[in-house]
Each structure stands twice: as structure tokens, then as C-alpha cells.
Amino acid sequence: MQPGSGAAQTYGSRYGGGHEPANLGDILERVLDKGLVIAGDIQVNLLDIELLTIKLRLVIASLETAREVGINWWENDPWLSADSQRREVRERRADSELEDENYRLRQRVRALESGGRDRD
Amino acid sequence: MTEPRGLWVYAVTEQIPAGSLDQVAGVGGGQVRTVVADGLTAIAEDVPLEEFGEAALRRNLEDLAWLEETARAHHRVIDAVVRQSPVVPMRLATVYSGDASVAAMLAGRADDFRAALGRMSRRQEWGVKVYAAERAEANAAPAHGGTEDTGSGGKGAAYLRRRRDQLSAQQDARRELTVSAELVHGALSQLAVDSALHPPQAPQLTGTSAPMLLNAAYLLDEQRSEDFTAAVGALAKSHPALRLELTGPWPPYSFAGVEQEEEAW
């Protein structure tokens, strides 16, 4: 069972005679990401868990630590950030205003064109 | 009735000797018990909905301290069960309203559970993470002191050439590492019944600055685990640019919820 010099052997569990408690990240990626998914009576939105896993993949200890080392992509991720959700809504609204304007202008052009030549 | 309760389900197994989980504390700190139906046994715990109900779970899952404690407890129970008997582990936070609905779940999927338990029988999950060894990173940047810095184009062009060589050396080193990691995965897969790839963990999670190149899980026949650990050691030796980390044995988390079942269920 003795691994070679380059292999740092740890144990996922005490089962099998290991001595180190399992790494939290290893446990979380298994119990949250894997394992059999059957919806129980208590409905936990799986998306919530999914979302959480993403966050955890990034950093366990604290988001602040990640921010300190310059990792902040979740701040721009619509799933993870209320701010960007609001921004997205705002952008969507701006988009639809543009579409409306576009539509009105197209109607206008069409009206003008059909006034000049009798076709679309 | 004091407070509303639910049933947190850890895993499904065929049967487990009475009393074998007496010493194991569950997620709610209570006694772990069983619900039996159709020749199958669900390992469960009565939990207060005040902490494990829908709204509470949504809140608590975002609380990292709570999550850590709960995930460790969930794992601890499943780990205790797998020593006794093959298991199909349930995802964290699978909560039922009571014995009747757990029994209905067991009965409704009895064939699938039995098939999955058959696949897990006398098998173990092992995890292997492959990192770039620190020294490989150092080698990737070639020495640039004391070399000739002339040549056509003068100093600026020489700098750019040097920089380009450095970058391409780094890219080569990186490609080589990736290929080595793939070779390791290929060799280990040969020994396994099945394998699964987890996303590589971020350095913040692993506590090391070395990039993780591979985060794999292997389902092994029990009697092959020694061959497997030996193979990990041998591979570590033959790929000095890599650092291999072996974890396990795990309950078969990464293989219990495989596609076959998801399609059927």
C-alpha cells in the first residue's frame, strides 16, 4: 500500500485504516455534486445547490480571500450576483426599448416606401 | 408531537446489522435509524424541519460552517454504512416527510436500487488528483541571465525574442504536463471498472499554488486496490513533473448516480 515518493497519500475516510480526516472540498464535491439525486418531499431547489457548488469550487474559506487575490468573476455572473441580475434586467429593458424603436422606424420606412413605390 | 420533523436520508443499502450505527451521530445530532421496505433499507435520521425544512435548508446551505458540519456528518454516516454493506449514497439534503414516503420511494425504485447495489458490491471509489509539481513550473521559465542579448534588431527585438521563447517554453511545458496527466488517467482507468472526472479544484480550495490538472475518481474492485495504490506510486515516479495525490477509499459517491439510473428514473 506504500505509494511512491511522489505520491502524497491521504485518506478519504477512516475506513481502510487512514489517519487524516477527509478534505472538505473532496467531501463537498462528492456529497453535493454526486450521490444519487432523488427529489425528497422537502424540495430544495437544486439550482441553489448547484450555485453553491460553483461558489465553493472557487473558495471554501471566504470569498474575501478570493477577492484579495483578484478573483471576482462571480460578481459579474448573473447566477451569483444580485447586482448583475439587476444589471441584466436593465440591459434587457434597454434592449426592448431599442427593439421598439427599431420596429417603429421600420414601420415608418415601410410606410414611406409604399407611398413612393407600390411594393414592400 | 413537539415540533415538525422530517426524515433525512443518507443512503440505501440491502440490510445492515442491528446496532451497527448506534455510535454514529447524524446531521441533526440524533440517532441514525433505518426504514425498511421491499428488501431494501434506507439509512435515515429524524430531523427538525426548523433546521432542515425547505426554507431553513435554503438558508443553511449558504452558511459555510453549517454546510461543512452537515456535509461531514452526512459523509460520516455513509462511510459507517459502507463498511457493513454496499450503499447507494444519496445527495446531501434529501429529506422526506416520514417513514411512509421513504418506504414508497424504496418500493418504487427497488429494481434500480438493487441493480445499483449490485454494481457497488465489493467495489470502492478512490480519488486521484494530479498537480503540476512545483519544480516543473520553475523549469518552465528558462534561465535568461547572461545570455547574448544582441542580434538583429537591437535590444528591444532581443527582449521580445527572449520573451517569446520563454512563453513558448512555458506553453510546451504546460502541454507536456497535460499530456502526462492524460497518460496517468489512461493508465489508472485500465485498472478501474469505471472512472469519473470532477472539475479541477481551485487553488484556494486545495491550499496549494500548483495548478490541478486532473481530479478523477475511479471505481475499483476491492481486490485491486493494492494494485491501484502501487500503480499511483509507480506513475508518480515515472512522471516527475507531476504530483499525485491519492484519496480513499470512498463510498461510491461518484458512481452511484450514473446515467443509467438517471435515465430510468
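**View 1. Why does B:Thr13 count as buried?**
B:Thr13 has 23 C-beta neighbours inside 10 Å, so it counts as buried. A residue is buried if 20 or more other C-beta atoms lie within 10 Å of its own, exposed if 12 or fewer, and partly exposed in between, with C-beta atoms placed from the backbone. The model is predicted: local features need pLDDT of at least 70, side-chain atom pairs count only at pLDDT 80 or more, and totals for chains, interfaces and linings use all residues. Residues are numbered from 1 along each chain as its sequence is written, while chains are lettered from A and ligands numbered from 1 in the order in which they are written. B:Thr13 belongs to strand 1 (residues 5-13) of chain B. Helices (H or I, at least four residues) and strands (E, at least two) are DSSP runs, numbered from the N terminus. Beyond its neighbours within four places in sequence, B:Thr13 touches B:Thr41, B:Ile43, B:Val81, B:Ser85, B:Pro86, B:Val87 and B:Leu117. Two residues are in contact if their C-beta atoms, placed from the backbone, lie within 7 Å. The C-alpha atoms of B:Thr13 and B:Arg114 are separated by 8.6 Å, although the two residues are 101 residues apart along the chain.

**View 2. Chain B overall and its two domains.**
Chain B contains 11 helices and nine strands. It has 265 residues, of which 42% count as buried. Among its contacts between residues at least 6 apart in sequence, 79% join residues at least 24 apart. The assignment gives domain 1 (5-121) and domain 2 (124-256); domain bounds come from an automatic or database domain assignment. The C-alpha centres of these two domains of chain B lie 36 Å apart. Eight residues from domain 1 of chain B and four residues from domain 2 of chain B make the contact. On the domain 1 side, helix 3 (64-82), strand 4 (87-89) and helix 5 (110-120) of chain B are the elements giving two or more residues. That side divides into seven nonpolar residues, no polar and one charged. Here Ala, Val, Leu, Ile, Met, Phe, Trp, Tyr, Cys and Pro count as nonpolar, Asp, Glu, Lys and Arg as charged, and the others, Gly among them, as polar.

**View 3. Strand 6 of chain B, enclosed on both faces.**
Strand 6 (residues 123-132) of chain B is largely enclosed by the rest of the structure, because 10 of its 10 residues are buried. In a regular strand the side chains alternate between the two faces of the sheet. One side of strand 6 of chain B holds B:Arg123, B:Glu125, B:Gly127, B:Lys129 and B:Tyr131; the other holds B:Gln124, B:Trp126, B:Val128, B:Val130 and B:Ala132.

**View 4. The strand partners of strand 6 of chain B.**
Two strands pair if DSSP finds at least two bridges between them. Strand 8 (residues 212-221) of chain B runs antiparallel to strand 6 of chain B, joined by nine bridges. Strand 9 (residues 242-250) of chain B also pairs with strand 6 of chain B in the antiparallel sense, over seven bridges. B:Val130 has B:Leu214 as its bridge partner in strand 8 of chain B. In strand 9 of chain B, B:Val130 stands opposite B:Leu244.

**View 5. Backbone details at B:Pro249, B:Ala93 and B:Arg122.**
The peptide bond from B:Gly248 to B:Pro249 is cis, with omega near 0°. B:Pro249 sits in strand 9 of chain B. B:Ala93 is not glycine, yet its phi is positive, near 70°. B:Ala93 lies in the loop between strand 4 and strand 5 (95-96) of chain B. It is buried, with 26 other C-beta atoms within 10 Å. B:Arg122 also has a positive phi, near 55°. Its place is the loop between helix 5 and strand 6 of chain B. B:Arg122 has 9 C-beta neighbours inside 10 Å, so it counts as exposed.
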